[in-house]
Every structure is written in structure tokens, then in C-alpha cells.
Amino acid sequence: MLGQNAHSTTQRSFAEHVGANGSDTTAYVRLIADDFSILSGADIADIAHFLCILHGRHPGVIDRAATKTADDAARTWLVQATDGFVAERSFLTKLTVAAGPISGVSTTDQSNAAVFGQRKALDMLSQSDRNGCAIGAAIALVSDWHSMRKILERIALRVGVEARSSTLPDLTTTSVLKDQLSESPAVERALNFGTEQLLNQHRGLWQLLEARRNTRLSQ
């Protein structure tokens, strides 16, 4: 019974950690959650476009993690996550097309370059040979995606795209996997590093999107 309670605490802690360090913590996501109607067509195009740059390409974070992870405990999760994210990439691409092109917010706009830099950082992270790093990033992506998808589903309604239900692993299953993989302090540190770096990139993206919106509002 004690082991079960400790395991539940681990799950809650991981869910709380993602909630306290992921996309939901950014001012822009909180603003959108409070009032989705604040988003203009340009704001929506930005969200779809830059998320597509970051995660719309194959192979992505989860695909690369699958080639770097030999642990049996991760195999079923990775199959579901890989297949699920195929559908998410398709959904993201449809949203990007329906939302239309983005426009520069200033003559010195470097937004595309910044997000391509983020993608390169995630590529390096997900190809790390450090045991646990790549799967840590994949776990964080799936966990934080559940929060971001709420926004994407609202965008889908706005632009007329069907939003089918996600088939990604749920947060509880993902939390259990993280606990199972934390077999040693070294692996746990690598898992946490991959998780933190992925969440950092997501927060940075939302901060960039908010800055672009604020620039438009000030013009």
C-alpha cells in the first residue's frame, strides 16, 4: 500500500511540475484561456505557423526518441506517442493552411529565424546519446501538448478545421512511464534535463508569440 501511495505522489508531482513549468504558466496562454476572442486572425496564423515550424516536421522529438530508447518499459508508450503525433502533425498542418500566411511585425522581424533556432535546439536534444535525455523531451512534449491542444481546438473551430480527438498517451500513463524509467539517479537527471529543456522551448515560443501580438497592437 505504501508503494502505491508513493507512486501516486510521483504521478501528481510530475503533473504538477508540467503544469507549473509548461505552456500554461505563460502570460499569453493564460490570457487566451481567459478570453479566446482576443485573438485576431494574425494572432491565430502566428500560433499555427510557428508551432508547425517547431513540431510539424518529421522526424520530430518523439520519432527521434524512439530511435534512442531501448528500454522495454517505453516501447508501448513510444508506439502510441509516435502514431498519435502523426495525427497531430496533420492537424497542425491543416490549421496552418486554413489560418493563412503570417506577416512580419517590423522591418527587423527575426521571428522565423528564432523559431528555427528553437527547432534546431530540440533536434539536438532529441538526438542526445545521454540515456534518458531524448525520452525526457518526448515525455514533456506529450504532457504539455495536452494543454496546448486546447488552444488548437479553439483555433480549429475558428478556421473551420475538424479537430478529431487526440490519441496521444494521457498524462497519467506518461507519468507512470517517467517513474519507471527513473531507474538510477543518472537516468533521472537526464530525464529531467530533457523535460526541462523542452518546456523551456515551449515557454519561449509563447513569449515570442505574445511579443508579436503586442507589437501589432502598438502599431
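Biologist: What lies 2.9 Å from a polar atom of the side chain of glutamine 118?
Modeller: The backbone oxygen of glutamine 201. Keep in mind that this is a predicted model.

Biologist: And where does glutamine 118 lie?
Modeller: In helix α6, residues 111–126.

Biologist: Buried or exposed there?
Modeller: Glutamine 118 counts as buried, at 11% relative accessibility. The cut-off for buried is under 20%.

Biologist: Which residues is glutamine 118 in contact with, leaving aside neighbours within four places in sequence?
Modeller: Leu54, Gln201, Gly204 and Leu205.

Biologist: Switching to the core. Which residues have the most contacts inside the largest nonpolar one?
Modeller: Ile47, Trp77, Trp145, Leu152 and Trp206. That core has 58 residues.

Biologist: Which helix gives the largest share of this core?
Modeller: Helix α7, residues 133–159, with 15 residues.

Biologist: Take tryptophan 206. What does it touch, not counting residues up to four places away in sequence?
Modeller: Tryptophan 206 touches Ser23, Thr26, Tyr28, Val29, Ile32, Ile47, Met148 and Ile151. Ile47 is another of the residues with the most contacts inside the core.

Biologist: Now helix packing. At what angle do α3 and α5 pack?
Modeller: About 145°, with their axes 9 Å apart. α3 covers residues 41–55 and α5 covers residues 72–99. The crossing of α3 past α5 is left-handed.

Biologist: Which residues meet there?
Modeller: From α3, Ile44, Ala45, Ala48, His49, Leu51, Cys52 and His55. From α5, Phe85, Arg89, Leu92, Thr93, Leu95, Thr96 and Ala99. By class, that contact has nine nonpolar, four polar and one charged residues.

Biologist: What is alanine 81 in contact with, leaving aside neighbours within four places in sequence?
Modeller: Ile62, Val142, Leu168 and Pro169.

Biologist: How many Å separate the C-alpha atoms of alanine 81 and threonine 107?
Modeller: 40 Å. The two are 26 residues apart along the chain.

Biologist: Back to Ile62. Which residues are buried in its helix, α4?
Modeller: In α4, residues 61–68, the buried ones are Val61, Ile62, Asp63, Arg64 and Ala65.

Biologist: What do the buried residues of α4 pack against?
Modeller: Helices α3, α5, α6 and α7.

Methods: Residues are numbered from 1 along each chain as its sequence is written. This is a predicted model: local features need pLDDT of at least 70, side-chain atom pairs count only at pLDDT 80 or more; totals for chains, interfaces and linings use all residues. Side-chain values use heavy atoms; hydrogens and water are left out. Axes are lines fitted to C-alpha atoms, for helices over the stretch in contact, and angles run from 0 to 180 degrees between N-to-C directions. Helices (H or I, at least four residues) and strands (E, at least two) are DSSP runs, numbered from the N terminus. A crossing is left-handed if the near helix is turned anticlockwise from the far one by less than a right angle, and right-handed if clockwise. Contact means heavy atoms within 4.5 Å. Ala, Val, Leu, Ile, Met, Phe, Trp, Tyr, Cys and Pro count as nonpolar, Asp, Glu, Lys and Arg as charged, and the others, Gly among them, as polar. A nonpolar core is a set of buried Ala, Val, Leu, Ile, Met, Phe, Trp, Tyr and Cys residues joined through side-chain atoms within 4.5 Å. Buried means under 20% relative accessible area, exposed over 50%, partly exposed in between (1.4 Å probe, protein chains only). A polar contact is a pair of N or O atoms within 3.5 Å; within protein, one must be able to donate a hydrogen and the other to accept it, and residues adjacent in sequence count only if both atoms are side-chain atoms.
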